[in-house]
Amino acid sequence: MLESRDECIDLQDDRAVKQQLIHSYQKVRDRTTAICQPLAVEDYVIQSMEDVSPPKWHLAHTTWFFETFLLLPHLPEYSAFDPMFQMLFNSYYQSLGNPYPRMRRGLLSRPTVEEVYRYRQHVDECLCTWLDDLPETRMKKVEDLLVMGMHHEQQHQELLLMDIKYNFSIHPAYPAYIQNTKTTASKQSAPMSLHSVEGGIFEMGYGGRQFCFDNELPRHQVILKPYLFASRLVTNREFLEFIHAGGYQCADHWLSDGWDCVQKFRWDSPLYWRKINAEWFEFTLTGLQRLHPDEPVSHVSYYEADAYARWRNLRLPSEAEWEHYANLHGLTPGNGNFLETGRYHPAACGENHKQQLFGDLWEWTSSAYSPYPGYKPAKGALGEYNGKFMSNQYVLRGGCCVTPRTHIRESYRNFFQPDKRWQFSGIRLADDA
């Protein structure tokens, strides 16, 4: 499990805790390489747009994280595998040097994929050997960094699949990342209803004793008015009604910036929809498939989600309403449709699907990504992880079909700019009661 150990664990259990952490580390690292196994060598290098990174870069950057934040500062005899990697695979940590420009990552043929895998193996061997020999009295000093590094890599597992999907989508043959072996047919979606929820004072933010990111803190009180909350995500069938009603041709329901995007990028449907001989298809990680009307509409921007909600005379929920609803109804990640399912695609909401609050798709909220009252970023380079992005972005909640289940929680705050569509994002409706 990817959790920081309980402070009440007896010292005699420290050795077992350390071995469990090493096992968790190896498991996370193995999953990343497993995600890349279906790829051809040529697939590792391409970067089809600025927001996407080549799979080779993800493999190297997650390794760079452990080398930079654990091995180099804590193991005196360790030297960097390749000093050039400190610049090439730094994502955005300005306090650690000048990162190589993001939009040019796909221009680098070197290091080769083989060299990157050697880099991963070298860092893994050094880290596990060091941890295994590390006295238990020193383990706690590095444990939090190790757990954060594992969660960081889980974020990149999701990004890997998002980026692979976009890279494959631009090919006119629509190649499949994996064969359609684990995907089960989606059931007919349950009817949508709006649940009435009482307001009041609600304490939100992470309140546990295990790992969370700093943007989930501090826990604080908010006042909520009574609200309505949709029982499931909006489906493809329902979003088609918006399209057929001229939703992409009429500015009435769009924010000004959103309408500018519609005009500039010629949006007329969600990102991966394709109309062929008057029939709608959707590109997925299993290739081009006929659009399933009962599956939740995915890969929509905040602007599209907001426009659809306005068209329905409804709105998107705030992140406080989203978290309140999850807590009020005892909804947790549980058995949601996550990465471990192997489906890599959202499923229709059946009667027993727990309202899709966790898994399937990240849900846009109406909340700007901003600090909670009293928020303070971490000291040092890791303070750049979340806080400096609290501008011009919106919060998404709940995880998606390519999010690792052990990575998500009720208080987890994802964030994207409102025009982004390549993430697995969907629409939850809400309204004032």
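How many nonpolar, polar and charged residues does the lining of the largest pocket have? In this predicted model, the lining has 13 nonpolar, 13 polar and nine charged residues. The largest pocket holds about 940 Å³ of space. It is lined by 35 residues. Tyr-92, Arg-102, Leu-159, Phe-415 and Phe-416 are the closest to its centre. Three elements, α2 (55-74), α5 (136-169) and β10 (414-416), each supply at least two residues of this lining. Helix α5 gives the most, with seven residues.

The second largest pocket holds about 420 Å³. Its lining comprises 19 residues. Met-49, Tyr-166, Trp-267, Leu-271 and Arg-421 lie nearest the centre of this pocket. Helix α5 contributes here too, with at least two residues. Strand β5 (273-276) likewise supplies at least two.

Rolling a probe the size of a water molecule over the atoms shows where empty space is left. The count comes to one cavity of 30 Å³ or more. The volume of the largest cavity is about 60 Å³. Its lining includes Val-45, Pro-54 and Phe-89. Lys-56 and Trp-57 are also among the lining residues. Six of the lining residues are nonpolar, one is polar and three are charged.

Helix α7 spans residues 256-265. Within α7, Gly-258, Trp-259, Cys-261 and Val-262 are buried. These four lie on the same side of α7, because they cover an arc of only 155° around the axis. An α-helix has 3.6 residues a turn, so residues three or four places apart point the same way. The cover over the buried residues of α7 includes helix α8 (302-311). Ser-256 and Lys-264 are exposed, on the face of α7 turned away from the buried side. Just after α7, Arg-266 takes a positive phi of about 55°.

Taken together, helix α5 takes part in lining the largest pocket and the second largest pocket. In α7, the buried residues share one side, and exposed residues sit on the face turned away from it.

How values were computed:
Residues numbered from 1 in each chain as written. Predicted model: local features only at pLDDT ≥ 70, side-chain atom pairs only at ≥ 80, totals over all residues. Heavy atoms only, no water. 1 Å grid on protein atoms, 1.4 Å probe; cavity = no way out; pocket = protein on both sides within 12 Å on 5 of 7 lines; lining within 4 Å. Points joined across faces, edges and corners; volume = space filled by probe spheres on them. Nonpolar A, V, L, I, M, F, W, Y, C, P; charged D, E, K, R; others polar. Buried < 20%, exposed > 50% of the residue type's maximum accessible area, 1.4 Å probe, protein only. Arc of directions from axis to C-beta. Contact = heavy atoms within 4.5 Å.
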